[in-house]
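I opened the notebook to look up one residue, then its surroundings, then the chain as a whole. My entries follow in the order in which I looked things up.

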Amino acid sequence: MDLTFLVGNIAVVCTIAASFSGIPLILEFFQKKSTENASVLPFLASMTCTSLWLLYSIIMNDPLMQTVNLICVILYTIYVGSFYVNTVHKKKTQQMVGIVLAFLISTYLYGFHLADIPTGTNTLGFLAAIGSILASAAPLASITQVFQTKSSESLPFLIIFSTFVVTFLWFIYGILIENSFVQVPNFISAVISAFQLGLIAVFPKKLQEKKTE
């Protein structure tokens, strides 16, 4: 079996599986009826990132990428909606969602209607690459809190771990197909995710729980 085909399909399966990693956290939100110290940024950034890759896959006419990213967009949109229902910071969340939607609509109009095909394709590819990096870095919004409380409670472990696995696989795939749009952002994202996993290892949630006992 061709190595590129094998790695590519494993990456696709892991990407879809990783998009379900937010479900336990969402269920916890509904159980507690609160988002507590969690941030909407990881969900919102992932929704933005997969939306950009969806637009890129459409303009590239790649059915496989279209399917994968459509599923991810739907799931992350549900996550953002669930966060909004349970957060007390509804106005701030509305503003952030509004900015993201305005950005995505503008990107679509430029890529598909205003720019020529080569320029639109390169622009969408570049923005999708940047989006991947920002999505993996989104949990770092809580890094100050992690150091202050010496607890990784605000870092979503499953999302970060799945991001590391998925971006590492896509990085390998990017090397095999010699595509810098795939290689570079996924390498950077894998490094960022590895750093966040390191924070979780150094400042485990149990540390805070022991202090409150």
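I began with threonine 121 and found that it lies in helix H6, which covers residues 117-137; helices here are DSSP runs of H or I with at least four residues, strands are runs of E with at least two, and both are numbered from the N terminus. Before going on I noted that this is a predicted model, in which local features need pLDDT of at least 70 and side-chain atom pairs count only at pLDDT 80 or more, while totals for chains, interfaces and linings use all residues. I also noted that residues are numbered from 1 along each chain as its sequence is written, and that side-chain values use heavy atoms, with hydrogens and water left out.

Is threonine 121 buried or exposed? I found that threonine 121 counts as buried because its relative accessibility is 12%, where buried means under 20% relative accessible area, exposed means over 50%, and partly exposed lies in between, with a 1.4 Å probe and protein chains only. Setting aside its neighbours within four places in sequence, I listed Tyr56, Ile59 and Met60 as the residues in contact with threonine 121, contact being heavy atoms within 4.5 Å. I then took a distance to alanine 190, which is 69 residues from threonine 121 along the chain, and the two C-alpha atoms are separated by 24 Å.

Next I turned to helix H3, residues 41-59, whose 19 residues reach 27 Å from the first C-alpha to the last, close to the 27 Å expected at 1.5 Å a residue; the expected span is 1.5 Å times one less than the number of residues. Because 16 of its 19 residues are buried, H3 is largely enclosed by the rest of the structure. After H3 comes asparagine 61, and I wrote down that its phi is positive, near 55°.

Last, I looked at the whole chain, which has 10 helices and zero strands. Of its 213 residues, 42% count as buried. Along the principal axes, the C-alpha atoms fill a box of roughly 60 × 40 × 25 Å.
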